[in-house]
Amino acid sequence: MALRDRRSECEALDRLLKAVRSGESRALVVRGEPGVGKTALLEHLVERASGCRVARASGVQSEMELPFAGLHQLCAPMLDELAHLPGPQREALTITFGLSNGDPPGRLLVGLAVLGLLAEVAREQPLVCVVDDVQWLDRASAQALMFAARRLGAESVAMVFASREPGEEQESDEEESTGLQELVVGGLPDEDARALLGSALPGPVDARVLDRIVGEARGNPLALLELPRGLTPAELTGGFGLPTTMPLPKRIEESFRRQLAPLPADSRELLVIAAAEPLGDPVLIWRAAQWLGIGHEAAAPATTAGLIEIGAQVRFRHPLLRSAVHRAATVEEWRYAHRALAESIDPDTDPDRRAWHRAQAAAGPDEDVAAELERSAGRAQSRGGRVAAAAFLERATHLTLHPQRRAERALAAAQAKHQAGAPDTALELLSAASAGPLDPLQRVRSELLRAQIAFTVSRGRDAPSLLLRAAEQLEPLDVQLARETYLDALDAAIFAGPLAGSSGLQETAAAARSAPPSQSPSRAPDLLLDGLAVGYTDGFAAGIPTLKRALVAFRCPDVSEEEGLRWLWLTCRVARALWDEEAWEAIVTRFLELARETGALSVLPLALSARTLAHVFAGELDAAEALGDELHGVTEATGSPFVPYGALMLAAWRGREDEATDLIETVLDEAVSRGEGLGLTVTGLAAAVLNNGFGRYEEAMAAAERAGEHPEELNASTAWALVELVEAATRIGMPERADGALQQIAKSTRASATDWGLGIEARCRALTSDGYAAERAYREAIERLGRTRIRGELARAHLLYGEWLRREGRRLDAREQLRTAYEMFTATGMEAFARRAERELGATGETVRRRPVEIGGELTAQEAQVARLVREGLTNPEIGARLFISPRTVEYHLHKIFGKLNITSRRQLRR
């Protein structure tokens, strides 16, 4: 294919093919205005892809509501490779494509499965995936494909997407392609534009007309070819009656419409049917045409005019021509086309597409069609197509005449829109539902959904009061749902913290405590609710017995997936508040496993942040840092903002001042804007840890006081901030402030009676004591913390004891403690605290020997993560799922690791 003045673009595509043939992977978005030549460049790529397998798909505007329609186009020919995928990924795709039944797979799991499938196909020969008109892909397909594209590594896969410029009638999410390399296609230079225009002109043209066409086309090839076809000889030779100024895509479309006008009526009707059928299935189109009494002869005028090609697939000359056909048709013509298509589709083999066409054909309310759409929504939900389910239910609502049924369907559609991540539309549907005759339970459920949307959009000040009001209204209608809603309200109040409105934590807890008792009081969520309500109203100690039972209950296998995903984050907070590191480790491990296994993207960031924090306190800072890529991959996949609490605490314990300072600013801005008061406490705590590490005790004291401005007895972050305050206050000569903080700490540590809590209390008591009492407390702290996994706090106990011994003049004893602290800090990567221990050792007269740089330091960040996961015993597919890369890329990284470390096997890496 000869392309005018597209040398640089063609060279970029040729380089992409060369890289893919050499074993690398590439992803590229070809972006430009309609008609600028994106599709022609894709055809050039396909023609040049000799020796590669080519897979194609194209977004279709009328199919945007059908789940995974675009993904099915691309991947259907590859499904014979499904057997090679790991079980969960194989199951996710079979459910997604309707090949089997099961629980809806999460978007993350579908994206990983697509990545794995493409990698498997590319094992035999390089794979080139070409996707045109991305702006019209259904959202589920766009998310899965773009997720896979961003995670490509060394699979010999190219993914090339063509999309319009942002803002130009974009209907799919513009953010989906964020982060991919782009090739922006501009217009042709004037000389080439004139040459191309000349090739399309049927005869002489007035020079002024030619100049105007070239100027207004702005080098757009399609405009240069199509605009003259819609002009009469009089308009070309004299410029009389030239179209008025309008946006270029509209002018191209208008030109297409003028080319449709001379066609016979049956040819135009055939084109309308083809425009309404997104797959270009010629058999289905001819069936529909026959249903309308249109014969095969109707195709000839359209094909002769070059408007459409009918072969194995029916294709319009350009997507704008399809749009022009749509706009040129009357409402009745469009409905007749959809009705004909619906009547021509087998209801057993493709009921959902039939239902959608019937819905488009409906001129007004139609209960039969609405019921069919409702059934289609159920099938879409079972395939994980929440977006499609929401669209089916929304359309069913509009087609429902009966007021009560309409309100019920609007409520179901609002729930589906919320699950699909469309809160604005969900709220509109909720308003429609509320205007109808809902029964009392349905009306309260609508209020509950409104509250849940508020909590999802912003875990801030508005959600607690909305959830609390819904819980109170549910009490006489559904006791269990009311109690669960009270627990959600407490969760929301904890997030909102000091920024909560009228329904703060104390008010919410008091209301929850007055809730009707559960019929199953031993259920884990009921125990958690009762324990929190008592703890926040009667004090920490009063709630501990029930909360301990809740921690045990949530570790039992009979806790459902839904209960785990909904409340394990809150349970982790309780375990930390009770200083129960064993329960914390077990629960946070289960939480992350569950979020990963189910692909619960809305919950996974919370689980990863909770796991990061647990790693930090265990002194496993490298493991905590490794989760950062996974968290980035999840937030990238969902496009959902997330406050990086785990990353902030990691940076503080690392002693990375610039990073921690930037994160503190980011977290504060995001938390305040969302009304998420939890961020105020966490940022104060992080700043206190950071400054204590550097020995800047006045700054640490101020930060700890900020974190403790709104004390909550069941808030671990507040307790930890008090611990930092004790250390800072004793260092700057404010013993009374340290004593007051110690008394507050002791309330929780003694009631919990764990080695972690009592060890921390002993360390704080040592700081406020003198002589033998101080030494005895330091030794108790080291002994108790030594029996826990909380290695960072143990190392700090050795540091503080060593500092005290040096000030007591016991230099040899001090060296032993300081040396232990320094070695623990350097082993875990707590850089600021390690330098503080080094300075103290120097003050005793000992010179610290720096640890040699290990050969592992040559590894890249991702290679180090792969190596760590191999040591943990994970297989390549498991590592790929954990890091959001394909098993082929894991193999590539292992090959590099083996070379850098001069080893030849995984067994050697595990040593």
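## Largest cavity

The largest cavity has a volume of about 270 Å³. This is a predicted model, and the count of cavities of 30 Å³ or more comes to 13. Rolling a probe the size of a water molecule over the atoms shows where empty space is left.

The lining of the largest cavity is made up of 21 residues; nearest its centre are Trp569, Arg576, Ser609, Tyr645 and Leu678. Five elements, α28 (561–577), α30 (604–617), α32 (645–654), α34 (678–694) and α36 (716–731), each give two or more residues to this lining. The greatest share comes from α30, with four residues. Sorted by class, the lining of the largest cavity holds 13 nonpolar, three polar and five charged residues.

## Ala614 in helix α30

Ala614 is placed in α30, the helix that gives the most to the lining of the largest cavity. Is Ala614 buried or exposed? Ala614 has a relative accessible area of 4%, so it counts as buried.

Along the chain, Ala614 and Thr589 are 25 residues apart, and their C-alpha atoms are separated by 9.3 Å.

## Helix α24

Helix α24 covers residues 479–496, 18 residues in total. At 1.5 Å a residue the helix should span 26 Å, and the end C-alpha atoms of α24 lie 25 Å apart, which agrees with that value. Of the 18 residues of α24, 16 are buried, so the helix is largely enclosed by the rest of the structure.

What caps the N-terminal end of α24? The cap is Asp478, with a side-chain oxygen 3.4 Å from the backbone nitrogen of Gln480. Beyond the other end, just after α24, Gly497 takes a positive phi of about 55 degrees.

## Cysteines

How many disulfides does the count give? The count comes to zero disulfides. A disulfide is a covalent bond between the sulfur atoms of two cysteines. The cut-off for such a pair is a sulfur separation within 2.5 Å.

Definitions and conventions: Residues numbered from 1 in each chain as written. Predicted model: local features only at pLDDT ≥ 70, side-chain atom pairs only at ≥ 80, totals over all residues. Heavy atoms only, no water. 1 Å grid on protein atoms, 1.4 Å probe; cavity = no way out; pocket = protein on both sides within 12 Å on 5 of 7 lines; lining within 4 Å. Points joined across faces, edges and corners; volume = space filled by probe spheres on them. Nonpolar A, V, L, I, M, F, W, Y, C, P; charged D, E, K, R; others polar. Expected span 1.5 Å × (residues − 1). Buried < 20%, exposed > 50% of the residue type's maximum accessible area, 1.4 Å probe, protein only. Polar contact = N/O pair within 3.5 Å; in protein donor to acceptor, adjacent residues only side chain to side chain.
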